[in-house]
Amino acid sequence: MASSVISSSPFLCKSSQPKKDLGFPSFPKSSQISVHRCQTRSISRKIVSVMAPQRSSSTTGSVKTGMTMTEKILAKAAEKSHVVPGDNIWVNVDVLMTHDVCGPGAFGIFKREFGEKAKVWDPEKIVVIPDHYIFTTDKRANRNVDIMREHCREQNIKYFYDITDLGDFRANPDYKGVCHVALAQEGHCRPGEVLLGTDSHTCTAGAFGQFATGIGNTDAGFVLGTGKILLKVPPTMRFILDGEMPSYLQAKDLILQIIGEISVAGATYKTMEFSGTTIESLTMEERMTLCNMVVEAGGKNGVIPPDATTFNYVENRTSVPFEPVYSDGNASFVADYRFDVSKLEPVVAKPHSPDNRALARECKDVKIDRVYIGSCTGGKTEDFMAAAKLFHAAGKQVKVPTFLVPATQKVWMDVYALPVPGAGGKTCAQIFEEAGCDTPTSPSCGACLGGPADTYARLNEPQVCVSTTNRNFPGRMGHKEGQIYLASPYTAAASALTGHVTDPREFLQ
């Protein structure tokens, strides 16, 4: 597992076993350390070492400990000089995002509490993105978009990415697609800011060095009217990833590795801060994948220190000034996890939990019925580039239906326009066609969360699917008896070629 942990949690105990470098190719039953939690319950963990907590010395008088990135962002937004985990503070919001599923409810609560004729706090800081249940004949789903349109016109919302022609998404120049990818592409993600959204995967935007988290409709209704929210400052867990990224690994492997390490409850109401040489080498889209799934570990938010990669991406998409922040050298972290990425292998999350981790090569006997490449997690331009790269390298056709759902209209255009490196000028679309995949469909959340029965690629039968999405709970993609294996685009593409869960190294080495 190539990891270690330094923990200051009172629920972890030091092992008497010696330190070891963990470069294990698999996960044997035996544990190298016992992690004790809450009274007598124990959970086995395979960890290189547990070391003494690294905390700053105790403070007295006016001397204060340093702050983490998240603490600094929230302190600034609350107009305070200093905050600590557990503080309840009123925070000024920079951006509020909502979509077709939650938007009508959020605006309904806003009107109920502030009045039918009330105006939102700032129509230029609200972003409304239809994306979930779009390409369907379901009248209630269609009505949700109509309701959003009415509210946005009434409130003069500047950033409403509307769609009216469901027959051809290209006839809607304002329509974008999946909100978390569109937020970044349209310049709404900026270092040092507070971004809230009525969707749990709003944490994706933490890749830009900002505080981003999902909220419910009631909180969103209050933010619509005031621009403020009451938040409890979360403690921060730090994940330090070093080492050269193997050519067959992607950020999806990294986050599945981490969730498998700490469990789906391991970061409950905590910040997950990512750093290290591996993180510094990642593109913005890969960083977005990493932060996207912190909520699957229970995290309040994920965050990555902004650098030149961040600034180049942001400055090419917005002229709004921003102020990056970084954790202090003497900031306090509740736990440090260290990974040597060079020793990791491709992994999947087996049904029915994102922390049900296994090596892809250990699941080679699992027969599958289909592959799904899409969503805010795995439907970005680089995700499709990766799948196309593997298909081209293999030179084979898929053995199971392979569905392709670009996250946004821009991603869809990239699939048809950008040449895949090393493929002789061929585009993703050309390679997908040669491999026998389904034609890339209209950009949206698609079947990631099931949706109406006529949703493209929805699991309407109890089938086995390898998917680049983020959740594999029963019924998540449709049928309650469906089985979903979460995987990287590389692993998904490799599995499509064999009809079984497949380690991508079979085609990339």
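What you see is a predicted model, in which local features need pLDDT of at least 70 and side-chain atom pairs count only at pLDDT 80 or more, while totals for chains, interfaces and linings use all residues. Numbering starts from 1 along each chain as its sequence is written, and side-chain values use heavy atoms, leaving out hydrogens and water.

The protein chain has 15 helices and 21 strands, taken as DSSP runs (H or I, at least four residues; E, at least two) numbered from the N terminus. Of its 509 residues, 58% are buried, meaning under 20% relative accessible area with a 1.4 Å probe and protein chains only; exposed is over 50%, and partly exposed lies in between.

Now to helix H13, residues 428–435, where Cys428, Ala429, Ile431, Phe432 and Ala435 are buried. Seen down the helix axis, these buried residues fall within an arc of 165°, so they line one face of H13; the arc is that of the directions from the axis to the C-beta atoms. They pack against helix H11 (381–394), strand E19 (402–405) and helix H12 (409–417), with contact meaning heavy atoms within 4.5 Å. And here is our opening residue: Gly436 follows H13, and its phi is positive, near 85°.

Elsewhere, Phe222 sits in helix H5 (residues 217–226). Phe222 counts as partly exposed because its relative accessibility is 36%.
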